[in-house]
Amino acid sequence: MATRQAWARWAAALAAAALLGAPGCSSEPGAPAAKELDLGGGVTMKLVLIPAGKFMMGEEKDQHEVTISKPFYMGATEVTQAQYEAVMGTNPSRLKGATNPVETVSWNDATEFCKKLSEKTRQAVRLPTEAEWEYACRAGSKTRFSFGDADEGLGDYAWYRANCGYTTNPVGQKKPNAWGLFDMHGNVWEWCADWYGDYPKGAVTDPEGLASGAARVVRGGDWGGIPEDCRSANRSQSTPGYRSNNCGFRVVVSVSAPGL
Ligand SMILES: [Ca+2]
């Protein structure tokens, strides 16, 4: 859940993105630009349509081309504590706040949330792949952050060490990226589906990471991070059972999933 003001900004950003078009991307005919999941108890979750397209993934010195062949919906914000509790019946977060991102959730917890929400909504809810996450974070940009290269602009888009008050903050308060996604930089790290490992050497389509591994990918930096941590290309890792008050997640739903 987010504030009315935040959603007004989100809607405006979405409309602007639709008017300008998304560079290098194609839209899905007939798919609405946003959707809302009913989590029960009056709690909802907004997702935005991410178009199919290509981008250069990873650190600037060592990038590889990735094609995202199908559009998908992605949570406009990190999963909030109210949303998590509506689905799981508990709120494990240490930094409490209904509209703050849920944290102290492991990759296993996040995956279980997706499974339960899939059953509840009869839609295929899952964690984003690492490629989907970076693609969506960049939103067509090639710069260090979705808005440019300079650290000085980060405070407009992210909660991080310099402005967070040493805690998480309610989702959706900062500016969204060009595709209507909030807090991709900062607030909490976000679990991705993939095992952490070396990237493929050449061009790939819809990569899903390694077949096995020891740790899962986390992305985007957190409330305690420095700007370098919050960059679009930055990646980190944690073991699937690890829980921390600086790590949460957001979900994706396939456009072609049943019920859409
Ligand atoms: Ca984040």
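Mentor: We will go through its strands, its helices and a few single residues.

Trainee: What should I know about the model before we start?

Mentor: This is a predicted model, in which local features need pLDDT of at least 70 and side-chain atom pairs count only at pLDDT 80 or more, while totals for chains, interfaces and linings use all residues. Residues are numbered from 1 along each chain as its sequence is written.

Trainee: How many helices and strands does the chain have?

Mentor: The chain has five helices and 13 strands. Here helices (H or I, at least four residues) and strands (E, at least two) are DSSP runs, numbered from the N terminus.

Trainee: How do I read a sheet?

Mentor: Strands of a sheet pair through backbone hydrogen bonds, either parallel or antiparallel. Two strands count as paired if DSSP finds at least two bridges between them. In this model, five strands make an open sheet with antiparallel pairing, in the order 2-3-6-13-7. Strand 2 (34–40) and strand 7 (125–126) are the edge strands, each pairing on one side only.

Trainee: How many bridges join strand 7 to strand 13?

Mentor: Two bridges join them, and strand 13 covers residues 252–254. In strand 13, Val252 is the bridge partner of Arg126.

Trainee: Which strands does strand 5 pair with?

Mentor: Strand 5 (residues 64–68) pairs with strand 4 (residues 52–57) in the antiparallel sense over five bridges. Met57 has His64 of strand 5 as its bridge partner. The hairpin of strand 4 and strand 5 has six residues between the strands, and there Gly58 takes a positive phi near 100°. Strand 5 also pairs with strand 9 (residues 204–205), this time in the parallel sense over two bridges. Across that pairing, Thr67 stands opposite Thr205 in strand 9.

Trainee: Now the helices. How is the packing of two helices described?

Mentor: Two packed helices are described by the angle between their axes and the distance between the axes. The axes are lines fitted to C-alpha atoms, for helices over the stretch in contact, and angles run from 0 to 180 degrees between N-to-C directions. Helix 2 (residues 81–88) and helix 3 (residues 107–121) pack at an angle of about 70°, with their axes 9 Å apart. Helix 2 and helix 3 are therefore roughly perpendicular to each other, a label for angles of 65 to 115 degrees, where under 35 is roughly parallel, over 145 roughly antiparallel and the rest oblique.

Trainee: Which residues of helix 2 and helix 3 meet?

Mentor: Tyr84, Val87 and Met88 in helix 2 meet Phe113, Lys116, Leu117 and Lys120 in helix 3. Two residues are in contact if their C-beta atoms, placed from the backbone, lie within 7 Å. The residues of this contact divide into five nonpolar, no polar and two charged. In that count, Ala, Val, Leu, Ile, Met, Phe, Trp, Tyr, Cys and Pro are nonpolar, Asp, Glu, Lys and Arg are charged, and the others, Gly among them, are polar.

Trainee: How do I tell what is buried and what is exposed?

Mentor: A residue is buried if 20 or more other C-beta atoms lie within 10 Å of its own, exposed if 12 or fewer, and partly exposed in between, with C-beta atoms placed from the backbone. Buried residues make up 45% of the 260 residues in the chain. Helix 4 (residues 130–138) is mostly covered, with nine of its nine residues buried. Trp133 and Tyr135 are among them.

Trainee: Tyr166 or Asp183: which is buried and which is exposed?

Mentor: Tyr166 is exposed, with 8 other C-beta atoms within 10 Å, whereas Asp183 counts as buried, with 29 C-beta neighbours inside 10 Å. Tyr166 lies in the loop between helix 5 (154–157) and strand 8 (189–195), and Asp183 is found in the loop between helix 5 and strand 8. Tyr166 has a positive phi of about 60° although it is not a glycine; for Asp183, phi is also positive, about 60°.

Trainee: Which residues is Glu190 in contact with?

Mentor: Glu190 has its place in strand 8 and is buried, with 27 other C-beta atoms within 10 Å. Leaving aside neighbours within four places in sequence, its contacts include Glu78, Trp133, Val218 and Phe249. Glu190 and Leu127 are 63 residues apart in sequence and 9.3 Å apart in space, C-alpha to C-alpha.
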